[in-house]
Amino acid sequence: MAVIVPIPDFESPVLDVYARLTENQLVCRETPEAGLFIAESALVIERALDAGFVPVSFLVETRLLAQAQPLLSRCPEELPVYTAELPVLEKLTGYALTRGMLCAMRRPAPKDAAALLRGTSCVAVLEDVVNPTNLGAIFRSAAALGVEAVLLTRNCTDPLYRRAIRVSMGNVFFVPWAYLPDEHWQALLKETGFQTAAMALREDARVLWDPALTQISKLAIVMGSEGPGLKPETIAACDYTVTVPMTNGVDSLNVAAASAVAFYQLALLRQKHR
């Protein structure tokens, strides 16, 4: 059974992971095997456990200990569970603690992008998506709408950033993802048999429901950053340019909203047509 540890001292180093380490420090790039991430709320923690992630410690509001018991019963014996009243936790973390529960967990070993591509037929490629809210929403849409994996360029935000996890409702744990090896990722996609569809605003772009797009055996849906979108050279290198037609003078959708529309048409409906 987990060990309940009332918080005696705000400065205790065991609480650094929750209160003082930055997201970049949690990743621990120098020694990735020591990296951690934070799962927030009972639902997200439960989904992380379901996906096989290993907990290191909990931080729980005292009044929610009973609610946490089903989760704690799934954890290793001697797992530390730090507790305090809500005002103390808010002082410790510096913000209102969402649903009163956090769990520090071990980061998984990085997945190989080429291996993911070899075992899938419909993936999303994200170029320089830096907003964790958008990234989390994209992962949630990917899980719901048939995207089998997400590939990210090196400038994308970390899918295990706390807010990205929370916005994804824990679905980031179930959609396989990997960082692309370098700026020449288009070659890797071609080598593994993928055709690429760049989501971009161009007059010569195909509409999203073009029947030809449902006939592609291995499709990568390529989406760009929140402001400028995809780089011109990325669009030029893709096999297709695809757009979501707009009305009422609206020029585009937020990348997270666009992902839901694109994934529904190019992943979910494509599966039904095959």
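Biologist: What should I know about the numbering and the model before reading any feature?

Modeller: Residues are numbered from 1 along each chain as its sequence is written, and side-chain values use heavy atoms, with hydrogens and water left out. The model is predicted, so local features need pLDDT of at least 70 and side-chain atom pairs count only at pLDDT 80 or more, while totals for chains, interfaces and linings use all residues.

Biologist: How many residues line the largest pocket, and which lie nearest its centre?

Modeller: On a 1 Å grid over the protein atoms alone, a pocket is an open set of points where a 1.4 Å probe fits, with protein on both sides within 12 Å along at least five of seven lines, and a lining residue has an atom within 4 Å of a point. Here the largest pocket is lined by 32 residues, and Arg107, Pro110, Asp158, Trp177 and Tyr179 lie nearest its centre. The elements giving two or more residues to that lining are α2 (23–27), α6 (113–118) and β8 (177–179), where helices (H or I, at least four residues) and strands (E, at least two) are DSSP runs numbered from the N terminus. The volume of the largest pocket is about 800 Å³, a volume being the space filled by probe spheres set on the grid points, which are joined across faces, edges and corners.

Biologist: Which salt bridge does aspartate 158 form, and why does the pair tie together separate parts?

Modeller: Side chains of opposite charge can pair when their charged atoms come close. The term salt bridge is used for a side-chain nitrogen of Lys or Arg within 4 Å of a carboxyl oxygen of Asp or Glu, and the structure holds nine of them. Aspartate 158 pairs with arginine 107, with the closest N and O atoms 2.9 Å apart. Aspartate 158 lies in the loop between β7 (149–152) and α8 (162–167), and arginine 107 in the loop between β5 (101–106) and α6, so the pair ties together parts that are 51 residues apart in sequence. Both aspartate 158 and arginine 107 are buried, where buried means under 20% relative accessible area, exposed over 50%, and partly exposed in between (1.4 Å probe, protein chains only).

Biologist: Are arginine 20 and aspartate 16, which also meet in a salt bridge, buried or partly exposed?

Modeller: Their side chains meet at 2.6 Å, N to O; arginine 20 is partly exposed at 33% relative accessible area, and aspartate 16 is partly exposed at 23%.

Biologist: Which residues does alanine 267 touch?

Modeller: Contact means heavy atoms within 4.5 Å. Alanine 267, in helix α11, is buried at 0% relative accessibility. Not counting residues up to four places away in sequence, alanine 267 touches Cys122, Leu145, Gly146, Val147 and Ala262.
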